[in-house]
Amino acid sequence: FNREVEGLIYMDDQGFSDLIPEFDVDFKEKKVYLTIDGPDMWELAGCVGSDYGTVVPDWDEQMLNILQAHYDIGMYKYSLHPSSYFVINGKLKSINYFFTYFDNIDSPISLRSVMSHISEDRQADLFPKMAAMGIDVDKPTPHSEIQLLAFESFKTNFDDNVMEKAKEIYL
């Protein structure tokens, strides 16, 4: 809850409220209320594929714009699932900031410490990619390297070209 709220508030405070849904937080009940209209991008696409052009024609440009904003404010967001994006008035809005870290605030983490946040299927996909990138699951890894790993991993959900462009933002 706290990390989700921190991410949303930080995006809002940094002038990127247009890239997230409107939200309200009930700190007493530990609930976040998002102003969304309908299902997420994944559901709108029929829960298949990696091209969301039928949902939002310029989804790729909008997603890269969101990722550029994350980079510009020193944010590393590892939850990139298509279900982490809602479409409001033709614009992508990013959610799921629970798996987010910040430059100069958060120390490097070991991926083992966050494996409970990662599905078994994605874990199976990640281990060979980690080996290829020289990432040891038990050693603290800089967030910049984990972000590149996330982009590589989410090629299963998004067009390879889009994920390569996302990597260029963080290089």
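In this predicted model, the largest share of the lining of the largest pocket comes from helix H5, which contributes four residues. Helix H5 spans residues 143-153, and together with helix H4 (120-133) it makes up the elements that give two or more residues to this lining. The volume of the largest pocket is about 190 Å³. Its lining comprises 16 residues, and those lying nearest the centre of the pocket are Tyr 78, Phe 99, Ile 118, Arg 122 and Phe 154. By residue class, the lining of the largest pocket divides into ten nonpolar, five polar and one charged. Two of the residues nearest the pocket centre, Arg 122 and Phe 154, are also in contact of another kind, in that the charged end of Arg 122 sits over the ring of Phe 154 at 3.8 Å from the ring centre.

Strand S4 runs antiparallel to strand S5 (residues 91-94), to which it is joined by four bridges, and Val 87 stands opposite Leu 92 in S5.

The hairpin formed by S4 and S5 has two residues between the strands, and within this hairpin Asn 89 takes a positive phi near 55°. Asn 96, although not a glycine, has a positive phi of about 65° and is found in the loop between S5 and strand S6 (100-102). Lys 30, likewise not a glycine, has a positive phi of about 55° and is placed in the loop between strand S1 (22-26) and strand S2 (31-35). With a relative accessible area of 55%, Lys 30 lies over the limit of 50% and is therefore exposed.

Contacts between aromatic rings form a further feature of the model, with a count of twelve aromatic pairs. One of these joins Tyr 52 and Trp 59 in an edge-to-face arrangement, with 5.3 Å centre to centre and 85° between the planes. Both partners fall under the limit of 20% relative accessible area and are therefore buried, the values being 0% for Tyr 52 and 3% for Trp 59. Trp 59 also forms an aromatic pair with Phe 158, which is stacked, at 5.7 Å centre to centre and with 25° between the planes. Because Trp 59 lies in helix H3 (residues 59-72) and Phe 158 in the loop between helix H5 and helix H6 (160-170), this pair ties together parts that are 99 residues apart in sequence. Phe 158, like Trp 59, is buried. Elsewhere, ring pairs link Tyr 71, Tyr 76, Phe 151 and Tyr 170 into a cluster.

Terms used
Residues numbered from 1 in each chain as written. Predicted model: local features only at pLDDT ≥ 70, side-chain atom pairs only at ≥ 80, totals over all residues. Heavy atoms only, no water. Pairing = 2+ DSSP bridges. Phe/Tyr/Trp six-rings, centres within 6.5 Å; stacked < 30°, edge-to-face > 60°. Buried < 20%, exposed > 50% of the residue type's maximum accessible area, 1.4 Å probe, protein only. Lys NZ or Arg CZ within 6 Å of the ring centre and 35° of its normal. 1 Å grid on protein atoms, 1.4 Å probe; cavity = no way out; pocket = protein on both sides within 12 Å on 5 of 7 lines; lining within 4 Å. Points joined across faces, edges and corners; volume = space filled by probe spheres on them. Nonpolar A, V, L, I, M, F, W, Y, C, P; charged D, E, K, R; others polar.
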